[in-house]
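Reader: Hi! I'm new to this one, could you walk me through it?
Author: Happy to, here it is.

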Amino acid sequence: MQSIITIMTKETIESPNTIHKPKWLRVKLPVGKKYTELRGVVDKYKLNTICTSGSCPNMGECWTEGTATFMILGNICTRSCGFCGVKTGRPENVDWEEPEKVARSIKLMNIKHAVITSVDRDDIKDGGSIIWAETINAIRRANPTTTLETLIPDFQGNTTNIDRILAVAPEVISHNLETVRRLTREVRIQAKYDRSLEVLKYMKDQGQRRTKSGIMLGLGETEAEVIETMQDLANAKVDILTIGQYLQPSKKHLPVQEFITPEQFAKYKEIGEKMGFKYVESGALVRSSYKAQRHLV
């Protein structure tokens, strides 16, 4: 499930070949009144946010600004990507009360900007798109001033399912390419590089105002491959690009091949801006929903 690993920060398991994390990857503990209040609500009502379950390094910053990320359609994915910490297997039945539950959660937390993501549900015909649309509608009914970003799967390229998301018009629709073309088969397994590009371009061609995608670095890609991937996304008319450091969720997942320097991330940001992206967030701790509320303008 492509949307989850971008927020995993669990320490890489030690081994003789372990590459130790550099100092620029140190995460500050989240603090502040707003963070404390939201954390209390999440704990009290046992709300399901990716921010907490994924131990996101930017949780304190995002919550202070009134942004949070919620995952729908369960916590078991039908895909088995080599980078992702989400469980793989046979998902449970769709919970048709979930849209209202998510909407109530956002209201309880007084969230100004919500990011909604999900596991892949290749096991059902609509790919989960009906629940996606119902969730967005429910959030809008309960929280009319809350803005929305949807970080969607590829729906296997099925435009009928994608159209359901477009029809409810979230302010931003995001779909992560995750890695360069050469590494896609190993990193994403059931996903396809060109299919993801086609999904992103289709949404823009259908009139979606803001589209967004993200890639993670440190899996063995070259600079030339990263730049080629950025250009592919620019050609697909993507508006917003996030670039972050891959961190291994467990010893069972793909190992980190390299820790990218802050200088290199800054270089990619400059290149991306010259390519015409409206926003480029590039840095070691950047994740899919990082500074998401700033991408609305």
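Author: Let's start with T135, which sits in helix α5; helices here are DSSP runs of H or I with at least four residues, numbered from the N terminus. This is a predicted model, where local features need pLDDT of at least 70, side-chain atom pairs count only at pLDDT 80 or more, and totals for chains, interfaces and linings use all residues. Residues are numbered from 1 along each chain as its sequence is written, and side-chain values use heavy atoms, leaving out hydrogens and water.

Reader: Is T135 buried or exposed?
Author: T135 is buried, with a relative accessible area of 0% (buried means under 20%, with a 1.4 Å probe and protein chains only).

Reader: And which residues does T135 touch?
Author: Leaving aside residues up to four places away in sequence, T135 touches I72, P99 and V102. Contact means heavy atoms within 4.5 Å.

Reader: New topic: how do the axes of α5 and α6 cross?
Author: The axes of α5 (residues 129–142) and α6 (residues 159–167) cross at roughly 0° and come within 9 Å. Axes are lines fitted to C-alpha atoms, for helices over the stretch in contact, with angles from 0 to 180 degrees between N-to-C directions. The two helices are therefore roughly parallel to each other, a label for angles under 35 degrees.

Reader: What about α8 and α9, at what angle do their axes cross?
Author: Roughly 35°, and the axes of α8 (residues 193–205) and α9 (residues 223–235) come within 9 Å. Y193, L197 and L200 of α8 contact T229, D232 and L233 of α9.

Conventions. Angles under 35 degrees count as roughly parallel, over 145 as roughly antiparallel, 65 to 115 as roughly perpendicular and the rest as oblique. Buried means under 20% relative accessible area, exposed over 50%, partly exposed in between (1.4 Å probe, protein chains only).
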